[in-house]
Structure formats: structure tokens, C-alpha cells
Amino acid sequence: MGKSGREGGQEQGSGSADKGSGGGVTRRRALWIGGGGVLAAGAAALGAREDLARWWWRVPGHDKPRTPGAVDYRGAAWVAASPENWRRADRPADYGIDRVVIHVVQGSFGDALRVFKDPGHAAAAHYVLRKDGHVAQTVRELDVAFHAANRSYNERSIGIEHEGFVDRPESFTAAMYASSARLTAGICRRYGFPADREHIIGHTEVPGADHTDPGPHWDWDRYLKLIRAEMRRAEKKEKPGP
């Protein structure tokens, strides 16, 4: 876990300019340019509408309805993190979600909840798991939690904290693995990304991160097998009977 600052990383923009070619402009070229201008204007208008759709909740009086204490994962207990440790958003409308970041608290379940409630901690994950598999949700999935120490990864990911210590393999119980796998499988299905090591990563794998969690004792093979089994189980339930 650790204290990672409000949000690490910087947003970077990129642009390009087309170089023109010499020579006169033919009637055909003029028509093509004119048509291109119309298409460009249409694309710009579409882009503007999409931007408005993504950011509509920022307009006063148009806030997205939210139910106090609502959770995104059935069975989770709501334990609100301080508003200083996350940023209000409307994901995945404004930021697409395609990652889960796995964390280890370096402490207890209670330690994680305590610091996430602390406005001076400057960090929080969306979920915290206890050794017995109990799940607490501290930030809504639609909001950006400050958990990865990288702004772009914060915006695109859901962070899951696990009770325990990176240098103590006994921290990672069967109940914890099973519960975390169910949680992550649901996230993968909700946002439509695969259960693989490109999309489910450790905090230490986030660009620019200076953390070592979940550490060498986290069993990735076991974890991914459990996640995929949960996803297959859910798919079978959804298939209509004969």
C-alpha cells in the first residue's frame, strides 16, 4: 500500500501537423478538400458531443444519481474513504477501465481502512480484502481512487488491497485468494477485458511505482486460474438451459 501522493504521473498530449505539397489546386482536389472539411467538422462536432457526454456530470444540477452506501460488488461492506483520497468521475463513460491493480497492505485490514479514512494519507484503493475473504469497498468503481501512484493507471484501473505483508507467504490464505478472484472476475466481466497478466497486474508493475507489492509470495498462476474458473462459472449460469 504505502503513501503514494495524490496522483502520480502527468497527462501528456500529442499532436501532429500535416505538411502541404506544392502546386496548384485542381477542381477535383478542391472538392476533395471541401468534402474533407465537412467530414472534419462533423468529426469535431461528434467529438465535442462525446466530450459533453463524458463530462456532463460536472455541470451544476446534472450530477449523476448516487445512493449513499451503495456497493459495486454484492457482499462487500461499504466503508467510505476520505474524499481527499479519490477523485469523482463517471467511469467508464469518461475513463475506460481495463486494469485491476493488486496491492498488499503491509499491515492489517483495519490498518488499511483507517488510513483510507485519513484525508492526509493521500491514497486509497477501491476494495480491501481480509484474510478470511471479507470484502470492504471504500471507493466506488466509477470514481478514480489514488492507489497506483500513476495518474493514467489510476484513471483506467480498479485497485484491490489485501491484508498482509509481502514477505509473509502465510498472509495469502485460500479464503483470500478465492474471494479476491471472485471480485476480480466480476470486474473483468463488467468492463470486458481479459483475465491475463497484461490486465491484472501488481502495484510494482505500474510504471513509475516505487512499491514492491504484492511481492514474490503472491501466487499469480493460482490467482489467474481461480479468476478464469469464476468467469467460466458465471458464463455457464448465463447460458439458457436445453
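# Guided tour: loops, helices and aromatic rings

Select Ala-149 to begin: this residue is placed in the loop between strand 6 (144-145) and helix 3 (151-156). Helices (H or I, at least four residues) and strands (E, at least two) are DSSP runs, numbered from the N terminus. Ala-149 is not a glycine, yet its phi is positive, at about 60°.

The model is a predicted one, in which local features need pLDDT of at least 70 and side-chain atom pairs count only at pLDDT 80 or more, while totals for chains, interfaces and linings use all residues. Residues are numbered from 1 along each chain as its sequence is written, and side-chain values use heavy atoms, with hydrogens and water left out.

**The whole chain**

Five helices and eight strands are present, and their order along the sequence is α-β-β-β-α-β-β-β-α-β-α-β-α. Of the 242 residues, 42% are buried; buried means under 20% relative accessible area, exposed over 50%, and partly exposed in between (1.4 Å probe, protein chains only). Among contacts (heavy atoms within 4.5 Å) with a separation of 6 or more, 76% are between residues 24 or more positions apart. The accessible surface comes to about 13,200 Å², with 53% of this area belonging to carbon and sulfur atoms. Accessible areas come from the Shrake-Rupley method with a 1.4 Å probe; for residues, only the protein chains shown count as cover.

**Backbone features in the loops**

Most residues other than glycine have a negative phi, and most peptide bonds are trans. Select Gln-106 next, in the loop between strand 3 and helix 2 (109-117). Gln-106 has a positive phi near 65° and is partly exposed, with a relative accessible area of 41%.

Then show Arg-91 and Pro-92, which are joined by a cis peptide bond with omega about 0°. Pro-92 belongs to the loop between strand 2 (86-87) and strand 3 (99-104). A cis bond also runs from Asp-213 to Pro-214, with omega near 10°; Pro-214 is in the loop between strand 8 (200-202) and helix 5.

**Helix 5**

Continue to helix 5. Its 19 residues reach 27 Å from the first C-alpha to the last, close to the 27 Å expected at 1.5 Å a residue, where the expected span is 1.5 Å times one less than the number of residues. The buried residues of helix 5 are Trp-220, Tyr-223, Leu-224, Ile-227, Glu-230, Met-231 and Ala-234. Viewed down the axis of helix 5, these buried residues fall within an arc of 120°, so they line one face of the helix; the arc is that of the directions from the helix axis to the C-beta atoms. They pack against strand 3, helix 4 and strand 8.

**Aromatic rings**

Show the side chains of Phe-172, Tyr-177, Trp-218, Trp-220 and Tyr-223, which form one aromatic cluster. Rings of Phe, Tyr and Trp (its six-membered ring) pair if their centres lie within 6.5 Å; planes under 30 degrees apart count as stacked, over 60 as edge-to-face and the rest as tilted. Across the whole structure, eight aromatic pairs are found. In one of them, Tyr-177 and Tyr-223 have ring centres 6.4 Å apart and planes at 50°, so the pair is tilted. This pair links distant parts of the chain, 46 residues apart: Tyr-177 in helix 4 (residues 174-191) and Tyr-223 in helix 5 (residues 220-238). Tyr-177 is buried at 2% relative accessible area, and Tyr-223 is buried at 0%.

Select Arg-168 next: its charged end sits over the ring of Phe-165, 3.9 Å from the ring centre. The criterion is NZ of Lys or CZ of Arg within 6 Å of the ring centre and within 35 degrees of the ring normal. The charged end of Arg-130 likewise sits over a ring, that of Phe-109, 5.3 Å from its centre.

Remain at Phe-109, which is buried in helix 2 together with Ala-112, Leu-113, Val-115 and Phe-116. The buried residues of helix 2 pack against strand 4 (127-129), strand 5 (135-137) and strand 7 (157-162).

Finally, select Ala-136, in strand 5. Ala-136 is buried, with 1% relative accessibility. Leaving aside residues up to four places away in sequence, Ala-136 touches Ala-77, Val-79, Phe-109, Leu-113, His-126, Tyr-127 and Val-128.
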